[in-house]
Amino acid sequence: MLKFKDRFLRGQGANTRARNCLKNVDAKVSASAAKYRSAYTALRILGPLLGQVGWQSKLRNLGDDDIRSMSDGGEEGEGRRRLSWIWLLCECETNADNEPTSSAIRIEWCKARARAHRWAEEVELLFEEKRRTLKYLRWAGNWWYEKAVNMTTTDTTLAEGLRAYAGRQAALRRELAQSFEHTWRDTQRLLDIADGAETSPPSPSP
C-alpha cells in the first residue's frame, strides 16, 4: 500500500485518504498482533496444565520483525528473501474466504522458484568462470615459460634480462593458479553441504 501510494497518488486529498487508510490498516494489524500475543501467553501458561503439547512447533512468539507482508523480505536482499513464518501457517484450501491469501502464496512460491533457478544458474556460471580462470593462468604460465626458453638474441645482457622477466611472469601466473586452486578447493563440497548432499569433513590443507 505504501508503494502504491508513493507511486500513483498525487494531490493533498488523495494522500490524506491514503494516510487514513494506512492508519486503519496499522490499527487492525496492531490489534491482531496484541490478540495473538495474549493468546500465545495464555497457551504457554495453561498448556501444561491442560495437557496441550506440540503446539510450539507451529506457533511461535510473535516479534515485530515477523509482522510484514509477503513481498517484504525484511533487511535481506532479493536473493535471500524469506517469508515471515506467519504466512507459513495459512491453510491454503480453495474457498472464497482465503482465495486472495492462497493466490498470494502461489505467487510468492513462483517468485521463490524463479530465484532458486537464478541462483542455480549463477552457481553454474561461477564454476565455469573458475575453470576458465585456472585454465588461462596455466596456459599463460606455459606461454611465458616458452618465451623464456626460446629467447633468441645476440645481446647476452638483453637475453638474460628478457629470460628473467619472462620467467618471473611465468612464475607469477603459476603461483596465482595454485593460490586460486587452493582457495577454491572446497567450493564443490560446501555447495553439496548446502544442498544436503554431503557431510564429509573439509579437505586438508597442503
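Visitor: Which residues are buried in α4?
Guide: In this predicted model, the buried residues of α4 are Ala159, Ala166, Gln169, Ala170 and Ala177.

Visitor: And how many residues does helix α4 have?
Guide: Helix α4 runs over residues 156-183 and has 28 residues, and from its first C-alpha to its last it reaches 40 Å, which is close to the 40 Å expected at 1.5 Å a residue.

Visitor: What is found at the start of α4?
Guide: There, a side-chain oxygen of aspartate 155 comes to within 3.1 Å of the backbone nitrogen of threonine 157.

Visitor: Changing topic, how many salt bridges are there in the whole structure?
Guide: A search of the whole structure finds six salt bridges, and one of them joins aspartate 64 to arginine 37, with the closest N and O atoms 3.0 Å apart. Aspartate 64 lies in the loop between α2 and α3 while arginine 37 lies in helix α2, so this pair ties together parts that are 27 residues apart in sequence.

Visitor: Is aspartate 64 buried or exposed?
Guide: Aspartate 64 is exposed, with a relative accessible area of 62%, whereas arginine 37 is partly exposed, at 29%.

Visitor: Which residues form a salt bridge with glutamate 128, then?
Guide: Arginine 131 meets glutamate 128 at 2.6 Å, N to O, and arginine 132 also forms a salt bridge with glutamate 128, the closest N and O atoms being 2.8 Å apart. Arginine 131 lies three residues from glutamate 128 in helix α3, and arginine 132 lies four residues from glutamate 128 in that helix, about one turn. Through shared partners, the salt bridges join Glu128, Arg131 and Arg132 into one network.

Conventions: Residues numbered from 1 in each chain as written. Predicted model: local features only at pLDDT ≥ 70, side-chain atom pairs only at ≥ 80, totals over all residues. Heavy atoms only, no water. Helix = DSSP H or I, 4+ residues; strand = E, 2+ residues; numbered from the N terminus. Expected span 1.5 Å × (residues − 1). Buried < 20%, exposed > 50% of the residue type's maximum accessible area, 1.4 Å probe, protein only. Polar contact = N/O pair within 3.5 Å; in protein donor to acceptor, adjacent residues only side chain to side chain. Salt bridge = Lys/Arg side-chain N within 4 Å of Asp/Glu carboxyl O.
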